[in-house]
Amino acid sequence: MNGINPWALGVFILFFAATIIIGSSIQWLRGLFGSGKSATVSSDEEWSLGGRQFGAWVTWFLVGGDFYTAYTVIAVPALVYAAGGYGFFALPYTIIVYPFIFLVMPRLWKLAHAGGHSTAADLVRARFNSRGLEIVVALTGLIAVMPYIALQLVGIRTVIQALGLPGDIPLVIAFVSLAAYTWLGGLHAPALTAFIKDIMIYIAVLVAVTVIPLHMGGYSALFAGADTTQPVLHAGQGLPYATLALSSALAAFLYPHTLTGILAAKSADTIRQNAVFLPIYTVVLGLIAMLGLMAHTAGIKTDNATMVVPLLFQQIFPAWFSGFCFAAIAVGALVPAAVMAIGAANLVTSNLLPPQKNPVRTSRITALAVKVGALFCVLFLNAKFAIDFQLLGGVIILQTFPALVLGLLRIRFSAAAMLAGWAVGGIFGLGLCWMDGLKPIHMVTLGPLSGMVSTGLLSLIVNLVVVGLVTLVKPAAELPALTEAGQADRA
């Protein structure tokens with residue numbers, strides 16, 4: 001990072017700006033080349049859920065786009081660089097989540113489609129007939145997603161800083177780009193540009209995992225030179241590796257942005273097809289994780305692990321291709337951050353505010369406010385703390401698992417039981433995180449056995465136990481059971 005390289009900066013601007021312009025102009029392009037419909041967004045559902053008409057291909061790119069973010073490209077290699085094989089826990093977690101999608105999400109989509117629901121809080125309100133539980137679920141999703149958006153801004157800022165731009169200029173560029181992109185395009189913008197994002201990421205990763213090992217003498221030399229961070233688990237890492245993978249898988253599709261991608265699909269079969277083909281992304285994720293080992297062998301030395309991938313690309317590739325790779329990472333932040341902001345706006349407009357005369361305008365303003373909040377997180381908190389708070393987001397969002405997933409079952413759980421489980425599980429999980437210095441794992445000792453366990457998983461277990469105990473003490477009265485025909489029957 002020795003000053004600004006005009007070739008790298010020029011290529012970056014070309015691809016990043018083109019993506020923003022295409023995404024921001026999507027409504028105009030649809031009106032010009034589409035079926036003659038208005039070029040403006042006519043309804044809140046059109047802006048926030050794309051009219052619920054995305055087919056298999058668009059859904060595949062959209063769900064993959066907001067599931068695999070730019071920070072994945074930066075943080076996973078950084079963790080492998082710093083901790084070795086432990087950083088590969090993201091691979092089994094993404095494999096575990098696909099059967100969960102296949103089994104649970106089509107049912108959720110049918111219920112949401114039949115009832116006209118656009119958020120998890122809508123489904124919870126319909127199932128438990130509880131305004132209080134609806135508000136709790138909405139606020140939980142909103143709080144959990146805010147640090148996620150902040151991390152996307154950090155990801156864009158990281159690559160722009162690698163290009164040599166000083167101070168907070170990169171962050172301002174990232175914020176303005178994201179704000180315009182989301183305001184004008186709605187969910188159609190990330191849905192379209194997710195194609196561009198994935199193609200760019202695939203090119204960057206495939207070239208990197210081919211060229212960089214050749215530059216180092218092949219994969220045998222790569223693994224031989226990675227003696228400081230071998231791709232294996234060290235003593236004591238097996239249990240946290242497994243429990244983090246499981247808790248991350250359970251939390252992944254509770255976030256408002258991942259649910260938004262699911263609810264925007266046009267059919268339940270579309271979701272099942274995606275659950276079958278989404279593992280392709282896991283293959284790419286494994287290749288991305290290998291960049292952390294490559295950085296060691298290439299001799300990259302830095303105290304800031306988030307800079308590992310940019311430094312590696314700058315060392316190995318010519319300036320113009322480094323610019324292309326940085327643009328791919330920045331676009332990889334733009335797409336999921338937009339979906340995250342839209343998902344958060346859906347919660348506010350659908351579940352926290354009274355009905356609006358102009359819901360599209362309200363959703364746009366809300367999405368902008370969420371991005372402003374994320375910007376302040378980045379400006380006034382060290383990036384390290386933003387990462388720590390994002391880890392807390394997983395603990396927080398897991399507390400909605402019983403209400404949303406168990407709520408799909410024909411079992412009489414009461415709203416009171418769900419609220420009690422949410423409160424006790426949340427306090428327990430956040431308390432452990434505070435005691436452990438905001439680390440997502442906690443030491444558990446059971447007689448002669450002890451080990452580090454995911455705090456999110458521990459808090460979820462406590463949540464479920466409380467739900468069960470409250471249900472035994474005070475069984476729920478008859479509750480309306482959601483049906484795929486959109487009618488209410490009796491559980």
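Here is a short tour of the core, the cavities and the cysteines in this structure.

This is a predicted model, where local features need pLDDT of at least 70, side-chain atom pairs count only at pLDDT 80 or more, and totals for chains, interfaces and linings use all residues. Residues are numbered from 1 along each chain as its sequence is written, and side-chain values use heavy atoms, with hydrogens and water left out.

Let's start with the core. A nonpolar core is a set of buried Ala, Val, Leu, Ile, Met, Phe, Trp, Tyr and Cys residues joined through side-chain atoms within 4.5 Å. Buried means under 20% relative accessible area, exposed over 50%, and partly exposed in between (1.4 Å probe, protein chains only). The largest core here has 149 residues, and Ile101, Ile212 and Phe313 have the most contacts inside it. Helix H17 gives the most to this core, with 20 residues; helices are DSSP runs (H or I, at least four residues), numbered from the N terminus. Who touches Ile101? Setting aside neighbours within four places in sequence, Ile101 is in contact (heavy atoms within 4.5 Å) with Pro106, Phe253, Ile262, Ile271, Ala275 and Leu278.

On a 1 Å grid over the protein atoms alone, a cavity is a set of points where a 1.4 Å probe fits but cannot get out, and lining residues have an atom within 4 Å of a point. Grid points are joined across faces, edges and corners, and a volume is the space filled by probe spheres set on the points. The whole structure has five cavities of 30 Å³ or more. Two of them are set out here.

| Cavity | Volume | Lining by class |
|---|---|---|
| Largest | about 120 Å³ | 10 nonpolar, seven polar, no charged residues |

In the largest cavity, H13 gives the most to the lining, with four residues, while H8 (131-162), H13 (256-263) and H17 (319-352) each supply at least two. For the second largest cavity, H5 (70-83), H10 (188-215) and H15 (279-297) each supply at least two lining residues. Its lining includes Lys197, Asp198 and Tyr281.

Finally, the cysteines. The structure holds zero disulfides (pairs of cysteine sulfur atoms within 2.5 Å). Cys325 is buried because its relative accessible area is 1%, and Cys433 counts as buried at 1% too.

How values were computed
1 Å grid on protein atoms, 1.4 Å probe; cavity = no way out; pocket = protein on both sides within 12 Å on 5 of 7 lines; lining within 4 Å. Nonpolar A, V, L, I, M, F, W, Y, C, P; charged D, E, K, R; others polar.
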